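Please keep the sequence and the structure in view while reading.

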Amino acid sequence: MSTPAASPDWYSAALHHGYAVCFYGPQLGVRTPPGSTQVKYTDAERLEEFRTARGRGLVAGGIIAYRNNR
């Protein structure tokens with residue numbers, strides 16, 4: 001399981017708005033595919049992976065209330 005580090009701007013925006021949009025699924029364009037590298041896996045390829053998974057019904061999402069519990 002991977003948990004990417006969130007930037008301070010992310011926390012600030014979530015706290016300001018009071019919610020965060022969360023996605024769940026096996027192909028979100030977050031993990032680098034086998035045989036590729038972080039540098040080779042472009043933003044366009046990440047977006048295409050996400051769109052393809054969404055089109056296949058493999059992505060779930062929701063709006064989650066956010067409170068600063070840190």
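## Overall architecture

The structure is a predicted model. The chain contains two helices and two strands, and from the N terminus on these elements follow the order α-β-α-β. Helix H1 covers residues 8-17, strand S1 residues 19-24, helix H2 residues 43-55 and strand S2 residues 60-65.

## Dimensions and surface

The radius of gyration of the chain is 14 Å, whereas a compact globule of 70 residues would have a value near 11 Å. Along the principal axes, the C-alpha trace spans about 40 × 25 × 20 Å. Of the 70 residues, 13% count as buried.

The chain exposes about 5900 Å², and carbon and sulfur atoms supply 56% of that area. As for charge, there are 8 positive and 5 negative side chains; the centres of these two sets lie 7 Å apart. Among contacts between residues at least 6 apart in sequence, 65% join residues at least 24 apart.

## Aromatic pairs

How many aromatic pairs does the structure hold? There are three aromatic pairs. One of them is formed by Trp10 and Tyr66, in an edge-to-face arrangement with 5.6 Å from centre to centre and 85° between the planes. Trp10 belongs to helix H1 and Tyr66 to the segment after strand S2, so this pair ties together parts of the chain that are 56 residues apart in sequence. Trp10 counts as partly exposed because its relative accessibility is 40%. Tyr66, by contrast, has a relative accessibility of 16% and therefore counts as buried.

Phe23 and Phe50 also form an edge-to-face aromatic pair, with 5.4 Å between the centres and 80° between the planes. This pair likewise links distant parts of the chain: Phe23 is in strand S1 and Phe50 is in helix H2, 27 residues apart. Is Phe23 buried or partly exposed? Phe23 has a relative accessibility of 49%, so this residue counts as partly exposed. For Phe50 the value is 16%, below the 20% limit, and Phe50 therefore counts as buried. Ring pairs also join Trp10, Tyr11 and Tyr66 into a cluster.

## Gly35 in the loop between S1 and H2

Gly35 is located in the loop between S1 and H2. Its relative accessible area is 82%, over the 50% limit, so Gly35 is exposed. Gly35 and Asn68 are 33 residues apart in sequence, and their C-alpha atoms are 38 Å apart in space.

## Leu58 in the loop between H2 and S2

Leu58 is found in the loop between H2 and S2. With a relative accessibility of 33%, which lies between the limits of 20% and 50%, Leu58 counts as partly exposed.

Which residues does Leu58 contact, leaving aside its neighbours within four places in sequence? They are Tyr24, Gly25, Pro26, Gln27 and Ala53. Leu58 and Gln27 are 31 residues apart in sequence, and the distance between their C-alpha atoms is 7.4 Å.

Terms used:
Residues numbered from 1 in each chain as written. Heavy atoms only, no water. Helix = DSSP H or I, 4+ residues; strand = E, 2+ residues; numbered from the N terminus. Rg over C-alpha atoms; globule rule 2.2 N^0.38 Å. Buried < 20%, exposed > 50% of the residue type's maximum accessible area, 1.4 Å probe, protein only. Contact = heavy atoms within 4.5 Å. Areas by Shrake-Rupley, 256 points an atom, 1.4 Å probe, with all protein chains shown as cover. Lys, Arg positive; Asp, Glu negative; His and termini not counted. Charge placed at Lys NZ, Arg CZ, Asp CG, Glu CD. Phe/Tyr/Trp six-rings, centres within 6.5 Å; stacked < 30°, edge-to-face > 60°.
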